[in-house]
Structures are given as structure tokens and as C-alpha cells.
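Subject: Structure handover

Hello,

Here is the structure I promised to pass on. Please open it alongside this note, which goes through what turned up.

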Amino acid sequence: MAIRTQPADQVQPDLERSAITGLDSLELGLAGTGRAPGRLARKYWTATWPKLLAIVIVLAGWQLFYLSNWHGDTASGLVKSPGYTLRYLGGQLQHAPLWQAIGVTVRTAVIGYALAVLIGSAVGALISRIPPLRAAVGSIISGLQTMPSIAWFPFAIILFGITTSAILFVMALGAAPSIANGLITGVDYTPPLLLRAGRTMGLRRVALYRHLILPASLPAYVAGLKQGWAFSWRSLMAGELLVIITGQAPSLGILLNTAQDNLDLSAAIAVMIIILAIGIVVDGVFTKVDLTIRRRRGLLLGAAR
Amino acid sequence: MSLTQWRGTPPEHAPGASAFPEGARATTAELRIPATHQVPGDPGTTADRGEAPAAIRLTEVSKVYGRGPRALLAVDRLSLTVATGEFVCLVGASGCGKSTLLSIIAGLDTATAGQVVTGGQRVSLMFQEPALFPWLTAARNVELALRARRVPKAERRQRTTELLETVHLAAFADKRPHELSGGMRQRVALARALAQDADVLLMDEPFGALDAMTRDLLHDELERICAERALSVLFVTHNVREAARLGDRVVVLSSRPGTVIEEYQVPRTGPRRIDSVQVAELASKVTDRLRDEMRHHGH
């Protein structure tokens with residue numbers, strides 16, 4: 001915050017409050033402000049243990065499946081124990097090819113998602129500003145959102161051939177509608193009272209958008225960005241399995257495909273774990289951003305300030 | 001003087017002409033005869049007011065919502081003048097077009113007929129809700145109003161600090177609206193309204209959602225700030241006591257369609273208290289008049 005009128009330690013909050021507020025000073029001071037290190041550790045533990053427990057349950061189930069020999073081919077070596085698979089994954093992580101594949105996939109993800117954000121934001125901004133345009137394409141965008149993006153691949157492959165461009169095209173197309181919709185919703189839900197206040201202040205046109213409508217629509221826009229990421233990440237995985245590009249460094253999808261061809265279950269699961277981990281990390285970033293925005297605006301019930 | 005808007009009636013009175021005759025109010029409504037009531041022991045304030053230049057002058061303002069048979073007449077040929085430095089309280093039953101009137105004066109809405117003259121004065125509007133931007137701190141909220149007026153950055157900071165000091169919230173500059181109490185939020189809203197450098201403050205039941213004690217404190221503050229800055233105020237409320245506490249003049253509006261039916265001049269005898277005898281007397285008078293009006297309208 002750039003504007004600081006008085007250092008916090010010079011303020012005597014109790015005196016100040018009693019001098020200026022009536023009964024509603026009781027509304028203040030309800031939120032706990034203390035953030036002791038012990039509390040922080042406990043907070044993280046509270047957030048972490050259910051996840052750890054879930055992982056343990058999955059591994060235990062897998063181990064039981066392996067030991068039960070239900071599939072009948074433990075002896076043939078097709079089904080591997082979780083311990084073996086995790087050791088395999090650990091081993092692969094020490095070699096360059098897996099990291100290269102991660103690099104290729106993440107790079108495509110970033111480019112495709114950036115395209116989706118650009119297109120979705122531009123389309124959303126235009127539609128929210130131009131009513132006839134909304135009447136024309138508003139429902140089409142909602143329709144596109146429900147269409148499984150994998151259905152676009154034949155179209156994309158015919159248009160772009162077996163190239164990364166085909167994958168990027170489908171990613172952008174899959175994610176842009178969600179992002180556009182998020183922005184449109186946010187603009188629509190700008191509180192009319194704030195708009196009146198803004199107009200009274202003399203905010204017009206660009207300034208009105210910059211200082212009022214865009215900040216007001218941020219939460220819905222971030223929700224759209226998050227959903228858009230989920231769609232584009234799925235499109236990317238589908239794309240890498242469908243559009244097998246030869247003659248360049250393999251992507252995660254190609255590693256999966258190779259594992260399938262070699263009937264190598266451990267390799268397949270190892271790659272799946274990587275894909276899952278990337279998805280969880282990115283989702284965590286979006287959740288964090290969303291929580292920060294809501295906490296700042298007082299939209300989180302009972303949260304520390 | 002600038003003519004912000006007129007429609008329907010031609011501007012017979014040239015802008016800058018010394019005054020619309022006080023009789024303008026008499027032509028307001030042929031059906032009801034408006035009367036200026038003088039509270040006993042108050043001679044001659046009307047004459048003083050006649051000399052002061054008007055901050056707001058409404059002449060035969062009407063507002064119709066909708067068209068055809070379903071059209072709704074919200075305000076009917078309402079005439080009202082607020083002199084510079086005057087504090088006028090508007091009371092009336094709900095739905096008498098009080099808020100509509102403020103929107104029209106603030107330029108957020110247009111009158112269907114009649115003339116609204118604000119004399120080139122800056123007008124700012126305060127609502128019952130603080131309407132602060134929840135993503136900005138108290139200081140940033142105030143600063144944005146300065147920014148909208150293109151006040152240079154260096155000056156903005158200083159002005160923001162001063163304004164927050166004016167409403168006794170300097171210590172809470174970095175708090176966001178949800179971290180403040182209801183009364184403090186209205187203080188920030190007041191600081192923001194002042195930041196618009198307004199000569200005229202339009203207030204739409206600004207303290208309606210506050211408890212009596214907080215409201216009382218804010219009445220004192222508002223009175224002090226208005227005196228310091230020589231503000232003209234048009235204050236809408238449905239709380240008759242609040243009107244009697246604050247106003248130099250209390251104007252009673254009829255039920256829909258809204259028009260002026262009664263005015264009470266309040267003597268300027270220094271600071272008032274909401275529990276004083278004078279305030280109670282005036283309040284009961286206004287209440288009786290309002291009750292009378294509602295009975296006529298079959299409420």
C-alpha cells in the first residue's frame with residue numbers, strides 16, 4: 001500500500017475507536033490477528049494430512065491388488081507393485097529424457113494456454129461491451145464450452161497436419177470459451193450501486209473499466225481462467241496421445257504411448273503421476289490466487305484478515 | 001450558472017438572473033397549496049435565504065417512468081431551491097421519488113420535464129450503502145475520487161491524508177472496507193464525497209443503516225464538516241427526527257407522485273441535539289403532517 005498516513009505503532013486503536021465510533025465499534029476486533037509460528041505449522045498439517053492419508057489409501061489398495069494376483073499375471077511381470085513403480089519413477093527422474101518430455105509438454109501447455117487467455121479475454125471484452133455481438137455469439141460460446149475438445153482434433157489435424165499447431169489450436173479453442181464467459185459474467189455482475197458511485201465520482205469510459213469494472217470482475221475472471229486451464233490441460237494430453245509427432249523430442253503423451261506399445265505398466269503409471277502432479281500444482285496456484293482475492297474483499301467467512 | 005438540463009418547459013428565466021421568485025413554489029402544484037411554515041420564534045430567515053445565491057434550483061421537475069397506460073409518474077412538477085450553504089432535509093413516505101430526485105440532480109438520471117439548475121457547482125452523491133470499492137483500502141477509495149478528477153499524484157496523497165483526518169479515520173487508511181465498521185465505512189464514503197470537491201452534497205439516507213448512537217456521532221461530524229466547508233446539502237431521509245436535527249429547512253414531500261407539500265424553516269440557534277425539545281417539537285409537527293398526507297392517500 002503506497003498510502004500510509006501514520007505508522008501503525010503510533011496509533012492507539014482503542015482510544016481512536018472510542019473517539020469516533022458508536023456502538024458499531026463492537027463490529028471491529030472480532031478477527032484474530034495473531035499468527036504464531038505454531039499455529040501456522042498446525043494450519044499446514046490440518047491441510048496436509050487428509051491428502052497424505054488419501055495417497056496412503058491408494059498405495060495400499062494398489063499393493064493389495066498386486067498381492068491378490070486377481071489379474072493372474074503378476075508372475076508374467078505385467079502388474080508391478082507400487083514400490084517397484086515408485087522406484088522406477090525415481091530412477092527415471094534422474095535421467096534427462098523424462099525431464100525433456102516434461103519440458104516439451106509444459107512448453108506446449110504454456111503457449112496453448114497463453115493463446116487461450118489472449119483469445120478468451122479479447123472475445124469476452126468485446127462481447128461484454130457490444131450487445132448485438134452478445135446476442136449473436138453469446139449462446140454459441142456457452143455451447144462451445146460443453147463440446148468435448150477432443151472432437152476438434154480431426155478438424156485440427158486436417159487443417160494443420162500432424163503438428164504442434166494442431167494441438168495448440170485445440171487447446172485454445174477448448175479453453176477460450178471458459179475464459180471469455182468468466183470475464184463476461186464478471187462484467188455483468190458488477191454491482192449497480194458501485195457503478196452509480198463510480199459515475200458520481202466522474203469515472204467514464206476507459207477509467208470506469210480500469211478502476212471499477214475490471215477489478216469488480218476479477219473473481220469471476222479468475223474462476224474462468226482456472227476452468228480454462230483445466231480444459232486446455234486435458235486438450236493437451238488428448239492431443240499428445242492423438243497427434244504423434246515424430247522426429248522431435250518426445251512429450252509426456254509420447255512417453256505414455258510408448259509405454260502402451262511396450263505393455264509397460266510401470267512406465268505408464270509413472271508418467272500419469274507426473275501429469276497428475278503438474279495438474280495439482282497449477283490448480284493449487286489458482287486456488288491460492290482465488291483465496292487471496294476473496295480474503296482481500298472480505299468474501300471469506302471467518303477467515304483471518 | 002450552468003443549465004444542466006431542461007426539457008418540456010422553456011427556460012424563461014435566464015441563467016444568472018438573480019432569483020426565481022419565491023412564488024415559484026406556489027406554482028408548483030395547483031392541487032395542493034404549499035406553505036412555508038415558520039417555527040415559532042424564527043423571524044426573517046426566509047428573507048436572508050432569498051438573497052443567497054441558489055446552489056440547486058428545481059423548477060417544475062417531473063419524472064415519468066415507462067410509457068403509455070403503464071407509465072408511472074414518480075415526481076410531479078416539483079420545485080425546490082437550496083440556497084448556498086443551506087442544509088435542506090427532504091422527508092416523505094417511501095416511494096415519493098426522493099431518491100429519483102437526487103439521481104436527477106446528480107445527473108445519473110434525466111428529468112422528463114422541468115428545469116434543474118445547479119449553478120455550475122460540483123455535486124456529489126452519497127448513498128445509504130457506503131458503496132466503497134471492496135478491493136481498495138480506505139485511502140485508495142478516497143484517492144480514486146481525486147484521481148477521477150485528475151488531481152496530480154503528489155497532491156493526491158496529501159489530500160487523501162487530510163480528508164481521512166477530517167473524518168477521523170487517518171489510523172485506518174490501510175484497512176479495506178470489510179475491516180471497518182458500518183459507521184466507519186460511511187465516514188470513508190463521506191471523505192470520498194468530499195474528495196470530489198463538491199459544493200453540493202446530495203445524501204440519500206446515508207445513515208439509515210446505522211445504530212442510533214453511531215448515527216448521532218455522524219450527525220455531529222456532518223454538521224461540523226458542512227460548516228467548515230460551507231457545503232450546501234440536500235439530505236433525504238425517512239427519519240423525521242434526523243431531519244429536524246440536521247436541517248436548516250425541512251421539506252415534506254407528498255406520497256407518489258412526489259411534490260412539495262410543506263416546508264418548515266428551522267431557526268439557526270447554534271448546535272442542536274437530537275433529544276432536545278425543539279427538535280422533538282419540530283419532529284412531531286412534521287410527523288403529523290406526514291401522517292395526514294398518508295391518510296389522504298389511503299396508506
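Start with a helix pair in chain B. In α3(B), residues A138(B), N141(B), V142(B), A145(B) and L146(B) meet V188(B), A191(B), R192(B) and A195(B) of α5(B). By class, that contact comprises 7 nonpolar residues, 1 polar and 1 charged. Keep in mind that this is a predicted model.

Now the geometry of that pair. Two packed helices are described by the angle between their axes and the distance between the axes. Helix α3 of chain B covers residues 138-148, and helix α5 of chain B covers residues 182-195. Their axes lie 8 Å apart, at an angle of about 20°. The cut-off for roughly parallel is under 35 degrees, so α3(B) and α5(B) are roughly parallel to each other. Their crossing is right-handed.

Chain A has a helix pair to set beside this one. Helix α3 of chain A (residues 82-92) crosses α11(A) at roughly 65°, and the axes come within 9 Å. That makes α3(A) roughly perpendicular to α11(A). This crossing, too, is right-handed. On the α3(A) side, the contact uses Y84(A), T85(A), Y88(A), L89(A) and Q92(A). They meet S266(A), I269(A), A270(A) and I273(A) in α11(A). The contact has 6 nonpolar residues, 3 polar and no charged ones.

What is the overall make-up of chain A? It has 11 helices and 0 strands. Read along the sequence, the pattern is α-α-α-α-α-α-α-α-α-α-α. Of the 305 residues in chain A, 27% are buried. Take the contacts in chain A between residues at least 6 apart in sequence: 73% of them join residues at least 24 apart.

Two backbone angles deserve a look. Most residues other than glycine have a negative phi, and most peptide bonds are trans. L263(A) has a positive phi, near 50°. L263(A) sits in the loop between α10 (252-261) and α11 (265-296) of chain A.

A131(B) is in the loop between β7 (123-126) and α3 of chain B. A131(B) has 23 C-beta neighbours inside 10 Å, so it counts as buried. The threshold there is 20 or more.

One more residue in chain B: D76(B), in strand β4 (residues 72-83). D76(B) also counts as buried, because it has 23 C-beta neighbours inside 10 Å. Which residues does D76(B) contact, leaving aside its neighbours within four places in sequence? They are S62(B), P257(B), G258(B) and T259(B). D76(B) and P257(B) are 181 residues apart along the chain, yet their C-alpha atoms are separated by 5.5 Å.

Finally, confidence. The model scores ipTM 0.74 and pTM 0.75. Chain B averages a pLDDT of 78, and 81% of its residues score at least 70. Over residues 1-50 of chain B, the pLDDT is below 50. That stretch still has 80 contacts in the model beyond near neighbours in sequence. Where pLDDT is low, the predicted coordinates should not be read in detail.

Best wishes

Note on methods. Residues numbered from 1 in each chain as written. Chains lettered and ligands numbered in written order. Predicted model: local features only at pLDDT ≥ 70, side-chain atom pairs only at ≥ 80, totals over all residues. Helix = DSSP H or I, 4+ residues; strand = E, 2+ residues; numbered from the N terminus. Buried ≥ 20, exposed ≤ 12 C-beta atoms within 10 Å, placed from the backbone. Contact = placed C-beta atoms within 7 Å. Axes fitted to C-alpha atoms, helices over the stretch in contact; angles between N-to-C directions. Parallel < 35°, antiparallel > 145°, perpendicular 65-115°, else oblique. Left-handed = near helix turned anticlockwise from the far one by under 90°. Nonpolar A, V, L, I, M, F, W, Y, C, P; charged D, E, K, R; others polar. pLDDT = per-residue confidence, 0-100.
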